[in-house]
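Here is a short report on the fold of one protein.

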Amino acid sequence: VIARHEDRNGQIPGMYRDPRGVVYHPHLQQEIPLGTLAVEKYKRPEWMFNAVLYIEKEGYVAALREAGWPERNDCALMTGKGFASGAARDLIDLLGREDRELIFFCVHDADGPGTMIYQALQEATAARRKRRVRIVNLGLEPDEGRAMGLQVEPVQRKARTPVANYVPKEDVEWLQKNRVELNAMSTGQFIAWLDRK
């Protein structure tokens, strides 16, 4: 209801949403809760990162931090615990308006909702226009998960699951009954996979 209202009338002034997820600044080792108030006050640290990785699994943010991955890659980390919150999308939009070029990436599960996380970050939704920045899809895809021999989980759904437009037709059908999650990989395997991508 709120998304439809804001789509027609713009964002509701003075309405703040609770934090869901975090943004992590490499080198400063600073983690900021992702809520609308925090994004409103956000100032990007100078020369600390040239890329931003949105990842749907919050647990992997801690694993990547522990491994020093953000510092090695000058990459900020962002999570919204699944679909990107309005605050996360606002922050991407804010960062995308800066003069210094940033590369944005998205990592997601090989399931219908995962593909939609990427699509909703890049394309227009009921609540907002299409991103002005390009989001690079680094997500786990069904054919990739199967080729890697990762555990395929059967899923039972009451209704047809939405799947992103970019997914091949045969995988759209496969995703109605199956999924491969990022956490089918060990932490070391996940980091090596991400480095390859």
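## Overall make-up

The protein has nine helices and eight strands. Helices (H or I, at least four residues) and strands (E, at least two) are DSSP runs, numbered from the N terminus. This is a predicted model: local features need pLDDT of at least 70, side-chain atom pairs count only at pLDDT 80 or more, and totals for chains, interfaces and linings use all residues. Residues are numbered from 1 along each chain as its sequence is written, and side-chain values use heavy atoms, with hydrogens and water left out.

## Burial and contacts

Of the 197 residues, 48% are buried (under 20% relative accessible area, 1.4 Å probe, protein chains only). The exposed surface comes to about 10600 Å², with 49% of it from carbon and sulfur atoms. These areas come from the Shrake-Rupley method with a 1.4 Å probe.

Take contacts (heavy atoms within 4.5 Å) between residues at least 6 apart in sequence: 69% join residues at least 24 apart.

## The sheet

Six strands form an open sheet in the order β2-β1-β4-β3-β5-β6, with mixed pairing. Two strands pair if DSSP finds at least two bridges between them. β2 (30-33) and β6 (135-137) are the edge strands; each has a single partner strand, so one side of each lacks a neighbour in the sheet. Neighbouring strands are turned by 20° against each other on average, direction ignored. Axes are lines fitted to C-alpha atoms, for helices over the stretch in contact; angles run from 0 to 180 degrees between N-to-C directions.

## β3, β5 and helix α6

β3 (residues 51-55) and β5 (residues 103-107) run parallel, joined by five bridges. Ile55 has Val107 of β5 as its bridge partner. Helix α6 (residues 112-122) lies across β3, β5 and β6, and runs at about 160° to β6.

Note on methods
Buried < 20%, exposed > 50% of the residue type's maximum accessible area, 1.4 Å probe, protein only.
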